[in-house]
Amino acid sequence: MSVQETRQALPEEIFRLLRELIHDHYGLWFHDDLRFLLELRLGPRLALLGLRDFADYHRFLRLDPRGPAELLDAAELLTTNETYFGREPEQLRVFEREIVPELVRERGGERRLRLLSAGCATGEEVYSVAALLLDSGRLEGWDLAVHGVDLSRRCLARARAGAYPGQAFRSPEGQALRRWFHLREGRWVAAEPLRRLARFGAANLLHGEGLPVEPVDVVFCRNVLLYFDPPARRQVLRHLHARLREGGWLLLGHAESLLQLSADFEAVRLGDELVFRKPRGAAGGSP
Amino acid sequence: MNQASSALSLARHPDEETRYRAVLRLDAGVEEELDELLARLSDPSWRVRTAAVERIGALAEPARASPRLIDLLDGAETIAGRAAAEAALASLGPAALPALLIRLASSSGERRLAAVSAVGAIGSRRAVPALVACLADPDPALRAAAAEVLGKVGGAEAVGALLASLDSDDVTLRATGLDALGALRVSPPAARVAALLADPVLRPGAYRALAASEEPAALPLLARGLMEQGRTARLAALAAVGSQRNRRSAEELAVLAGEVRRLSRGDVAVADRCVEALGSGEPMVAEGALLVLGWIGDLTHAQAVARQAVDDRLRPLVEHALEALPAGAGLVEVLGKVLPELPPVARVSTFAALARAGQASALQALQERVADPDPQVQAEAIAALGRLGDPASAPVLGGLLTDEAPAVAGLAADAMLAIGLRSEAGRRAVLLDCRARAAAGGSGALHRVLGGCGEAEDLWLVRLGLHAGSVQRRASAAAALATLGQRGLLRGEHLPELIAALGDEAWPVRVAAARAFTALAEANFDARLGDPAIGEHPLCDQAMDALRGALGDREPAVRGAAVEALGACGRQEHGPAVAALAGDNAAPALVVVEALRALAKLGPPDPALLERALGHADPEVAKAVVAAAGRVPGEPGRALLRRSLASDRWDVRLAVATAVAGRGDAGLLEDTARAAAADPDPLVARALADAALALAGNPGRR
């Protein structure tokens, strides 16, 4: 029996209904070409729920009392992707060399920094940033926290466990970070100093639910906006803008830009990297 | 200085942040401030320009700004200023169209071009006739721009004009027309595309157009596309093959696979080019390339295929491609070399391929990974063992059926069912394991496996589950009974435990019990005219009484499941009770939808009741009404369908297309054809057009 034979077909109209439902709740947008992804990842849910086809699945999500919980599971299944330590290292270098020193200057009075990894997946970015802060040698005695938020409870459970296979450190930058991890039963487990900084929680970026209440100094939102359509991206950015301290930094993925999305941030070139900053005196976003 | 004059003066301040904040305070409704906002559209800062666009978009009377914005489309000094004017026009929406359409008749080619672009940004169908006229403009750039905009706006008239543009002498127009049709997901007839393929310039667009084709004749053209020397055309053909995978049946794809194999035998470079395409970064291209490599089945490329399993989206396709390769020592050797360089999740896919090739240690590696601490690796390993279907994996997977994580137990149940349904030896191994575990306590996942591949002798084990302490186990036992019923293993059985489950304190158990009765009724439907007293009726009298009682359950999901079961019995006597639920617009959509579907099984529904149900707020109810209306004879049924054609929900209109096609009522031909021409949604327009063709006695396209 092959994969092809066992697969439930997802008709175009049901794909559109599912995608609209997921979009309405989480802002995630699946382009037409990703129909196969929904078919492959959500297909096994039909048997699990005792449903005949994807039309029944859509009705279940829409009408059944268990629909909202299943919708969250579906969104998780569709957005979980393998990641690794030291991804897009140039930005992390800019963070380490340019942004951290400036934060030390600006926040030296209060000696307190809050950072946010929005869409933290399985936590690699949170631990990487925590390691960079500790490695900087300038923040001893400071009150530090790196918040990681994600929609996926499954990913958050893995992030909290903080245990990774050796392959997660396959990039050169990742290998350098490995000294903050201990090998235990074949897996690399985050050391206690990293764990003290890392805080994880569930959040819906579209609605701003679950984001840290206290203002943050830096937001990492890398390769996350690409899951949203433009109106949803704007909404996500408004929530992130509201959470950022004035003068706070926003780091997006290389493939992402604020062009046409938000004029509430200033673009700042640091080395070869383009990062964004909430202007001083800007209490909220544009009306 | 008052606030407005302060904002006006600060809008020209040298500091960008100050200008930005000032612009946000300007009111486009005040003439002087509108002047400043229009001037700020050419500001050097994109933040300030964006803010000006936003403020102009808030204007209550768009006509005050649109003529001046249109002047800026080609009059602004900078390109950024022109783009901002276009964005501002788009934010004003269709109200800006009349002035733009006048501009389309300008004698200046540059002005006409700017106007076409702005019309595209607004995206209104009212502009289609003017845009179609532009396809004959003397300026080739304008013709192409108009075709591109028609591809954004859509509609039957736009599609007709774009199809006609494929016969133009202007190659740019033909290429843009193809792309525009592709954007609308409309595929021209394959014979027409075949002619366009003669021109190398048009090939990429032609292959993209074939991606949405449903004609058998499109497949050989795509196979030939894989032989293209030009990379862009070749990648377009591969992406179209990837798209076709989602559209075609296994039989149709087998025809394409055969053609690909035949061509690749004559040109070994076909496979090499597919390997090269795997690195294109385009998911659809990679999907097509993996599919083709699987069809070609050449071991030389197995490593390149296995490496793609790193990408989560492509992993299932990688498994499929590896599965298609000839199993044996050669495959084991090739994949064994690539294994060390793969991350853990991707390694699972390769182990699966190696196990299929007969490597016992790979099967063992997979069996060990079902206990992996990484949930993703664990899930992939469980699923892989299910796909492999080896009876030897049953005890390993059986141990997970009682896992405390429901997702793990559920995946293990899926895998056990896959093994059990694969072969008689597999079924025996699975049942042997499950019976032993069920006797020792059981679980919800275990019940599911027993329901799916158990025998009549397993009935008592499942019935025992209805007395379990856990809600989940009671519900899954009821669901397992339903599955046994669907498999014809229960005929006219009296199941007092199931009837009692309809009164269970936990609503999920009550829902599962009602659904089990639906399955039993459907499986025994042919006995409905028999004597209930001797068990010939689908359900016994006590079950009927319990289901009628469940119609008043406090939990909507139970009411919905109970009404579905009564509908499945097909007895007219339940009609009034079902109709009462169907016509209750205050009831939850779940209940009303199930009641409408049940009513449809009891005969043609009452049009007045359906009319009332159309007033329900939920679109799922509207779709159920449409499905039922398709069965209402004569004018009352037509009236309901016509009314639903005006729904602002595309899915409701699509349901009308399905109902009309199924009804085969020529009295709806004119309405359907008219709606097809006017519908803004390409999918609905196509479905309505197909329905109209079917009504006209010309089946034509599917």
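Student: Which residues of helix 41 of chain B meet helix 43 of chain B?

Tutor: This is a predicted model, in which local features need pLDDT of at least 70 and side-chain atom pairs count only at pLDDT 80 or more, while totals for chains, interfaces and linings use all residues. Residues are numbered from 1 along each chain as its sequence is written, with chains lettered from A and ligands numbered from 1 in the order in which they are written. Helices are DSSP runs of H or I with at least four residues, numbered from the N terminus, and contact requires C-beta atoms, placed from the backbone, within 7 Å. Facing Leu683(B), Val684(B), Ala687(B), Leu688(B), Asp690(B), Ala691(B) and Ala694(B) of helix 43 of chain B, the residues from helix 41 of chain B are Trp650(B), Arg653(B), Leu654(B), Ala657(B), Val660(B) and Ala661(B).

Student: How many residues of this contact of helix 41 of chain B with helix 43 of chain B are nonpolar?

Tutor: Ala, Val, Leu, Ile, Met, Phe, Trp, Tyr, Cys and Pro count as nonpolar, Asp, Glu, Lys and Arg as charged, and the others, Gly among them, as polar. The contact has two charged residues and no polar ones, and its nonpolar residues number 11.

Student: Why is helix 41 of chain B described as roughly parallel to helix 43 of chain B?

Tutor: Angles between N-to-C directions run from 0 to 180 degrees, with axes fitted to C-alpha atoms over the stretch in contact. Under 35 degrees counts as roughly parallel. Helix 41 (650–663) and helix 43 (682–695) of chain B have axes 9 Å apart. They are roughly parallel because they pack at an angle of about 15°.

Student: Which helix of chain A gives the most to the side that touches chain B?

Tutor: The contact takes 34 residues from chain A and 39 residues from chain B. With seven residues, the one that gives the most is helix 3 of chain A.

Notes
Two residues are in contact if their C-beta atoms, placed from the backbone, lie within 7 Å. Helices (H or I, at least four residues) and strands (E, at least two) are DSSP runs, numbered from the N terminus. Angles under 35 degrees count as roughly parallel, over 145 as roughly antiparallel, 65 to 115 as roughly perpendicular and the rest as oblique.
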